[in-house]
Amino acid sequence: MNLNAPFQIGNFIAGIFQPPVSGKYIDNVNPATGEVYSQTPDSGESDVAEAVIAAKAAFPLWSATPAESRFKILNRIAELIDENLDALALAETNDNGKPLWLSKMVDIPRASSNFRFFATGIMHFSTESHSMEGRAVNYTLRQPIGVVCCISPWNLPLYLFTWKIAPALAAGNCVVAKPSEVTPMTAYLLSIICSEAGLPSGVLNILHGTGPGCGSAIVAHPEIKAISFTGSTRAGKDIASTVAPMFKKVSLELGGKNPNIIFADCDWEKMMRTTLQSSFSNQGQICLCGSRILVEESIYEKFKTEFIARTKKLTVGDPLDEKNRQGAVVSKLHFDKVLGCIELAKEEGGTILTGGNAIKLTGRCTNGLFIEPTIIEGLGPNCRTNMEEIFGPVVTIQPFKTEEEALQLANTSDYGLSATIWTQDVSRANRVAAKVHSGIIWVNCWLLRDLRTPFGGFKNSGVGREGGWDALRFFTEPKNVCIEL
Ligand code: NAD
């Protein structure tokens, strides 16, 4: 299979690559080099209309296809992703700036796991029955919805794209999907893989374009009955206001400002190692990163000294060089935003303990977008730096005296996606886990994911849950049938 990234990529509609109706394209930049290395369609309403027609036409056959046949096709997609690991990982890194080793180790393997997980899941999916003690029996049908939409962000491009598409297809829906315009390449390559795996034409349609130009047209299309969205809280609000009066099903996975709560009795070495990862993995561009580090006062100075020392050792550089731990941030827009947040932290009275600057590299990466891993202290919980999502290699540290104070700091946030708790005291771990206002809690670990568990956030971090049966339930309509005996 030829999985080379072409210069101009196409929309995948009815199984065919098509140029955007407008004929317009957006430059696709490699953030590690600054080079425009491809162009992505700038699609709009007309492209969306065509994709919906294709999806609607494919729905009767796909929704009636037995689960075992859907399993075979989706499982074949997973196999082909694995077989093309190197090409997909390189495309992901060139698009996103993340280290190639990370794309190979996490992003692409996780994309195939998503397909494999929901391919097998649909074979085990079952529905409920409610007996009325000899008078009647109720059973629930769970039917595919029809044409659904999946929109994903740039930080974990293929990983999050497939996390939505796989359950939607497994449940028998046809999909109109849009990856981020900032990182479109692996979604394009996935189109090729899906054709090769025998996914019938029109079952999955992949459109490329901006949020306002293409994403909002998909969301507003009256024939699209469910929206699964991962991205910023700002876009989530727009989408919610569009779909609420149209009564569409909606699942929103949004931003985070996650606390990492470190008690003095933690396993020190494991905590230090993991905190380094939860702070700066993927240049801090993971919605689950622990960007607010809360440290018990008695170990605060020790933590600070060692955390700074370890952070300084993180090598930032060419993502293709296996020895670098950190790559480029995703785009010039985001680079400027993150540096602006660091300036704001200084204006708010924060002290930059390490980092705080852009990095100028030489050679291939002279024009790349690199930022030093940055630690800030001296800011209270209510300042913008501690309230707003930065989504870059920037964390703050704050001391706390008591468990109550730790909880208060942790919960001083409009977000509620995830939290990490470090303690060897099992009772305390359970107490704190129950009281933190977040949808995902890790105790003495971070980013340990079981795909069966409910995934999603409280408060401004979203609405609904993904993962496991939650995802298959989202992508089906329950219908109760009552039979009087
Ligand atoms: P974004 O909201 O700008 O874009 C996300 C996607 O939505 C893109 O495909 C974009 O084109 C599209 N889009 C933007 N505006 C739209 C609109 N009005 N209607 C329809 N589509 C629209 O987010 P981003 O900058 O790509 O990603 C970073 C954000 O995603 C961060 O806030 C991060 O926390 C969040 N995120 C959340 C999770 C989670 O699981 N909760 C996971 C990863 C990223």
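This is a short tour of a predicted model, with one stop after another to select in the viewer.

Residues are numbered from 1 along each chain as its sequence is written, and side-chain values use heavy atoms, with hydrogens and water left out. Because the model is predicted, local features need pLDDT of at least 70 and side-chain atom pairs count only at pLDDT 80 or more, while totals for chains, interfaces and linings use all residues.

**The ligand**

Select the ligand and then the 32 residues around it, of which Lys 178, Glu 181, Ser 232, Leu 254 and Glu 389 come nearest; a residue is near a molecule if one of its heavy atoms lies within 4 Å of it. This shell divides into 14 nonpolar, twelve polar and six charged residues, where Ala, Val, Leu, Ile, Met, Phe, Trp, Tyr, Cys and Pro count as nonpolar, Asp, Glu, Lys and Arg as charged, and the others, Gly among them, as polar.

Now show Ser 232, where a polar side-chain atom lies 2.6 Å from an oxygen atom of the ligand, and then Leu 254, where a backbone N or O atom lies 2.7 Å from a nitrogen atom of the ligand. Taken alone, the ligand exposes 840 Å², and the protein buries 92% of that (areas come from the Shrake-Rupley method with a 1.4 Å probe). Colour α7 (211-220), β10 (224-230) and α8 (233-243), the elements that give two or more residues to the shell around the ligand; helices (H or I, at least four residues) and strands (E, at least two) are DSSP runs, numbered from the N terminus.

**Glu 466**

Is Glu 466 buried or exposed? Glu 466 counts as buried because its relative accessibility is 6%, and buried means under 20% relative accessible area, exposed over 50%, and partly exposed in between (1.4 Å probe, protein chains only). Its side chain makes a polar contact of 2.7 Å with the side chain of Trp 163, and another polar contact, of 2.5 Å, joins the side chains of Glu 466 and Lys 164. A polar contact is a pair of N or O atoms within 3.5 Å; within protein, one must be able to donate a hydrogen and the other to accept it, and residues adjacent in sequence count only if both atoms are side-chain atoms.

**Gly 327**

Finish at Gly 327, in the loop between α10 (297-312) and α11 (332-347), which is buried, with a relative accessible area of 2%. Select Thr 315 as well: Gly 327 and Thr 315 are twelve residues apart in sequence and 8.7 Å apart in space, C-alpha to C-alpha.
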